[in-house]
Amino acid sequence: MASCKICIIITIAAVFLPSILATEFVVGDETGWTTNFDYQAWAQGKKFHVGDKLVFRYPPETHNVLRVNGTGFQQCKAPTGIEALTNGEDTIPLTSPGRKWYICGVRNHCESGNMKITINVLPELGSPTGSPSPSQTPISAATGSSALTGFCGWIIVAITGIRGMFIV
Ligand SMILES: *[C@@H]1O[C@H](CO)[C@@H](O)[C@H](O)[C@H]1NC(C)=O
Ligand SMILES: [Cu+2]
């Protein structure tokens with residue numbers, strides 16, 4: 001049955017699409033993590049989702065990465081006792097939606113060198129629970145289409161549900 005082949009392909013796509021779409025963002029691209037770079041301009045227009053990763057790349061010992069809150073971002077102050085990331089290839093998985101703030105804690109790089117970045121993380125792509133409107137996800141669109149009703153639709157729903165259990 002031709003329609004079931006399509007169904008299988010769509011099911012596989014529904015399972016693997018979110019991981020294919022997961023992106024690793026190298027902060028500052030080729031410039032990396034350094035002083036006097038406009039990270040807000042860099043972040044502008046990019047869409048960060050749960051499941052994506054931020055990579056802070058810099059020569060070790062010249063900089064570091066501290067996760068802070070909005071106040072810490074404004075004042076270039078990290079809470080005492082938190083551990084800085086220091087290996088120069090620091091990969092931070094974005095595990096929850098919302099605003100995130102990172103600064104460099106070396107000397108006055110944050111205050112004087114503008115070494116700070118804030119991003120807004122959106123819910124996971126293709127996630128049935130995380131999406132603001134389920135009708136906008138590719139999976140639901142496929143399930144709702146008239147070509148894929150009945151048995152095929154149920155398989156997609158079941159597999160999407162199973163995938164959800166592993167992710168949550
Ligand atoms: C931000 O973190 C500091 C600790 O560094 C804490 O005192 C402050 O209450 C936090 N602010 C918010 C808005 O969570
Ligand atoms: Cu620095």
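**View 1. The pairing of β6 with β7.** Strand β6, made of residues 98–103, and strand β7, made of residues 116–122, run antiparallel and are joined by six bridges.

**View 2. The largest nonpolar core.** Which residues have the most contacts inside the largest nonpolar core? They are F56, V65, L66, V68, Y102 and I103, in a core that has 20 residues. The elements that give two or more residues to this core are β3 (53–57), β4, β6 and β7. When residues up to four places away in sequence are not counted, F56 touches V27, W33, V65, L85 and D90.

**View 3. N64 in the loop between β3 and β4.** Is N64 buried or exposed? This residue, found in the loop between β3 and β4, counts as buried because it has 23 C-beta neighbours inside 10 Å, and 20 or more are needed. Leaving aside residues up to four places away in sequence, N64 touches A84, L85, T86, C104, G105 and V106. The C-alpha atoms of N64 and H109 are separated by 9.9 Å, although these residues are 45 residues apart along the chain.

**View 4. T31 in the loop between β1 and α2.** Residue T31 lies in the loop that runs between β1 (24–26) and α2 (39–43). T31 has 15 C-beta neighbours inside 10 Å, and it therefore counts as partly exposed. From C-alpha to C-alpha, T31 and R57 are 8.6 Å apart in space, while in sequence they are 26 residues apart.

**View 5. The surroundings of ligand 1.** Which residues surround ligand 1? The shell consists of N69, G70, T71, G72 and P79.

**View 6. Stretches to be read with care.** The mean pLDDT of the chain is 79, and 64% of its residues reach 70 or more. Over residues 130–148, pLDDT stays under 50, and the model has 29 contacts beyond four places in sequence for this stretch. Over residues 155–159, pLDDT likewise stays under 50, and here the model has twelve contacts beyond four places in sequence. Where pLDDT is low, the predicted coordinates should not be read in detail.

**View 7. The chain as the setting for these close-ups.** The secondary structure of the chain comes to six helices and seven strands, and from the N terminus on the elements run α-β-α-β-β-β-α-β-β-α-β-α-α. Of the 168 residues in the chain, 27% are buried. Among the contacts in the chain with a separation of 6 or more, residues 24 or more positions apart account for 71%.

Methods: Residues are numbered from 1 along each chain as its sequence is written. Chains are lettered from A and ligands numbered from 1 in the order in which they are written. This is a predicted model: local features need pLDDT of at least 70, side-chain atom pairs count only at pLDDT 80 or more; totals for chains, interfaces and linings use all residues. A residue is near a molecule or strand if its C-beta atom, placed from the backbone, lies within 6 Å of it. Two strands pair if DSSP finds at least two bridges between them. Helices (H or I, at least four residues) and strands (E, at least two) are DSSP runs, numbered from the N terminus. A residue is buried if 20 or more other C-beta atoms lie within 10 Å of its own, exposed if 12 or fewer, and partly exposed in between; C-beta atoms are placed from the backbone. Two residues are in contact if their C-beta atoms, placed from the backbone, lie within 7 Å. A nonpolar core is a set of buried Ala, Val, Leu, Ile, Met, Phe, Trp, Tyr and Cys residues joined through C-beta atoms within 7 Å. pLDDT is the predictor's confidence in each residue, from 0 to 100.
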